[in-house]
Amino acid sequence: MIHVDIIAVGRLRKGSLLSLYEEYATRLRWGLTLYELDPKKPQDEEKLVLEKLDPQAFVFVMDERGKSLSSEDFSQKIDTLAAQGRSRFQFVIGGADGHSQAVRKRSDCLLSFGAQTWPHMLARVMLLEQIYRAQQIIAGHPYHRS
């Protein structure tokens, strides 16, 4: 079974973004763990992120310099990796200043939502929606863009 970890700097507070995140979390049949990191100083962020990364997991780091994948390509990547025996996927969303070089270097895939800058709290919801969409595509549900 696939398990997804979302490692995110900052906390989603009550409101519409949290409600939307929770909606997608309840739809997801894959395992899901959210780690919300709260660095006391900006320089602590790298250490906290690296401590959460599992050496056995496939690590996607959300980064504006990363590769932009269509929903179908994203789901195919996860499906292919799962077929190769990978079952744990970790997604890292940094804070306002982005990721350190050490975090980017540790990634297996730098992933981007495009050239635009997105608030990291909104990116968390967008990411979970795409993970849910990948689950549905992999399960064979019709995808309206095919």
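Which residue forms a salt bridge with E129? The partner is R133, and the closest N and O atoms of the pair are 2.5 Å apart. A salt bridge here is a side-chain nitrogen of Lys or Arg within 4 Å of a carboxyl oxygen of Asp or Glu. R133 and E129 are four residues apart in helix 5, so about one helical turn separates them. E129 counts as buried at 14% relative accessibility, whereas R133 is partly exposed at 23%. Buried means under 20% relative accessible area, exposed over 50%, and partly exposed in between (1.4 Å probe, protein chains only).

The model is predicted; local features need pLDDT of at least 70 and side-chain atom pairs count only at pLDDT 80 or more, while totals for chains, interfaces and linings use all residues. Residues are numbered from 1 along each chain as its sequence is written, and side-chain values use heavy atoms, without hydrogens and water.

Five strands form an open sheet in the order 2-1-4-3-5, with parallel pairing. Strand 2 (31–37) and strand 5 (109–112) are the edge strands, each pairing on one side only. Strands (E, at least two residues) and helices (H or I, at least four) are DSSP runs, numbered from the N terminus. Two strands pair if DSSP finds at least two bridges between them. Strand 3 (residues 58–68) and strand 5 pair over five bridges. In this pairing, F60 stands opposite C109 of strand 5.

Helix 3 covers residues 71–83. Its buried residues are S71, F74, S75, I78 and L81. G85 follows helix 3 and has a positive phi, near 100°.

Helix 5 (residues 120–138) also holds Q135. Q135 is buried, at 4% relative accessible area. Beyond its neighbours within four places in sequence, Q135 is in contact (heavy atoms within 4.5 Å) with R27, L28, R29 and W30.

Side chains of opposite charge can pair when their charged atoms come close. The salt bridges number 11. One of them joins E36 and R124, with the closest N and O atoms 2.6 Å apart. E36 lies in strand 2 and R124 in helix 5, so the pair ties together parts 88 residues apart in sequence. R124 is buried at 0%, but E36 is partly exposed at 23%. D5, D54 and R88 are linked in a network of salt bridges.

Terms used
Expected span 1.5 Å × (residues − 1).
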